[in-house]
Amino acid sequence: MLAYLIRRLFAAAVMLVVIILVVFGIFFLVPRWAGVDPATMFVGKQADPAAIEAVRQKLGLADPIFFQVWEFFKGLFAGRTYSGGGDVTECAAPCFGYSFRNEQAIWPVLTDRFPVTLALALGAAVLWLIFGVAAGVLSALKRGSLWDRGAMIVALGGVSLPIYFTGLLSLAIFSYGLGWLDAQYVPLEESFTGWFGGMILPWITLAFLYAAMYARITRATMLEVLGEDYIRTARAKGLTEPVVIGKHAMRSTMTPILTMLGMDLGALIGGAILTETTFSLPGLGQAVLKAISDKDLPVILGVTLITSLAVIVANLLVDLLYAVIDPRVRLS
């Protein structure tokens, strides 16, 4: 187990390094090949050549690309110093650089918005796991029944309807129409009840989409597992149906569910753009959307790296949970 964990951590570190190299090249090399100077994006097209050159020197954009990559890596762990035109700017570790638009350090901006996105992703994940998996299991056990058909119709609707439609519909009904829930986001440090009330609709809207997908996958997997020989053997031994389903069938059913959860949760931690935009949540999704419209490359780079790290960590945790959920899986 320990050897497996060490190998996976090493592989995750290598993967993260490769992602940094690829993303850095996409954001800072490809624009140059296309004739776009990142320094011009920083100061604006109307700036004079002297100002553009000063920014190029300050940000190190005039240095060789390998030196730029090394400076970026070093900044993540040891901080970085920007100097140019007599001004010296210290960027403490982990340094993701400075925004092209407001000239603020990227890391504090990301850490301010990360808790909002994390709360959105985790809260929605709890809801879609509970209701999606439960609906899928019941549909498999009651195959062909009215419940099965109704649940799959609702699941099909949940998969088909886009988040911005269900989000606006839930706002129109439960917030603006009935007035049951407040659509205004309140920071957690100001009021827990206000924060919780403002997060209910985003949680439900996001969970509805994913619960529909998880219900369909759970139903299909459970039907396949119930036809396995070891399930028939368990029933032939006289085990009760709750034991057969809960102890034996569910273990195998949860394996693909965990795989999906690792990918989905990791991606959502990088920013649920549509949900955050619909409900005006100040998360990473809103930050990256604004950065794209402003062509703010350092912000996009920072969010991309956080998303990549979240996916890697989530999948590592999922791999470790495989042996807990299904005893047939052995990590070695």
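Predicted model: local features only at pLDDT ≥ 70, side-chain atom pairs only at ≥ 80, totals over all residues.
Me: How much space lies in the largest pocket?

Reply: About 400 Å³.

Me: How does anyone find empty space in a model?

Reply: A probe the size of a water molecule is rolled over the atoms, and that shows where space is left empty.

Me: OK, step back. How many helices and strands does the protein have?

Reply: There are 14 helices and two strands.

Me: And what does the C-alpha trace span?

Reply: About 80 × 55 × 40 Å along the principal axes.

Me: How much of the protein counts as buried?

Reply: 44% of its 332 residues. The accessible surface comes to about 17,400 Å². Carbon and sulfur atoms account for 69% of that surface.

Me: What about contacts between residues at least 6 apart in sequence?

Reply: Of those contacts, 66% join residues at least 24 apart.

Me: Charges next. How far apart are the mean positions of the positive and negative ones?

Reply: They are 12 Å apart. The protein has 24 positive and 23 negative charges.

Me: Now single residues. Where does Thr218 lie?

Reply: In helix 9, which covers residues 192–226.

Me: Is Thr218 buried or exposed?

Reply: Buried, because its relative accessibility is 0%. The cut-off for buried is under 20%.

Me: What does Thr218 touch?

Reply: Leaving out residues up to four places away in sequence, Thr218 touches Gly132, Val133, Gly136, Val137, Thr253 and Ile257.

Me: And Leu223, where is that?

Reply: Leu223 is in helix 9 too. Its relative accessibility is 24%, so Leu223 counts as partly exposed.

Me: What does Leu223 touch?

Reply: Ala140 and Arg143, with residues up to four places away in sequence not counted.

Me: How far is Leu223 from Ser139 in space?

Reply: 9.2 Å, C-alpha to C-alpha. In sequence, Leu223 and Ser139 are 84 residues apart.

Me: How far apart are the C-alpha atoms of Tyr4 and Val126?

Reply: They are separated by 28 Å. Along the chain, Tyr4 and Val126 are 122 residues apart.

Me: Change of topic. Which residues does a cis peptide bond join?

Reply: Ala93 and Pro94, with omega about -5 degrees. Pro94 sits in the loop between strand 2 (87–91) and helix 6.

Me: Why point that bond out?

Reply: Because most peptide bonds are trans.

Me: What about phi? Which residue has a positive phi although it is not a glycine?

Reply: Ser280, at about 55 degrees. In general, most residues other than glycine have a negative phi.

Me: Where is Ser280 found?

Reply: In the loop between helix 12 (273–278) and helix 13 (284–294).

Me: Last one. Is Ser280 buried or exposed?

Reply: Exposed, because its relative accessible area is 52%. The cut-off for exposed is over 50%.

Technical notes. Residues numbered from 1 in each chain as written. Heavy atoms only, no water. Helix = DSSP H or I, 4+ residues; strand = E, 2+ residues; numbered from the N terminus. Buried < 20%, exposed > 50% of the residue type's maximum accessible area, 1.4 Å probe, protein only. Contact = heavy atoms within 4.5 Å. Areas by Shrake-Rupley, 256 points an atom, 1.4 Å probe, with all protein chains shown as cover. Lys, Arg positive; Asp, Glu negative; His and termini not counted. Charge placed at Lys NZ, Arg CZ, Asp CG, Glu CD. 1 Å grid on protein atoms, 1.4 Å probe; cavity = no way out; pocket = protein on both sides within 12 Å on 5 of 7 lines; lining within 4 Å. Points joined across faces, edges and corners; volume = space filled by probe spheres on them.
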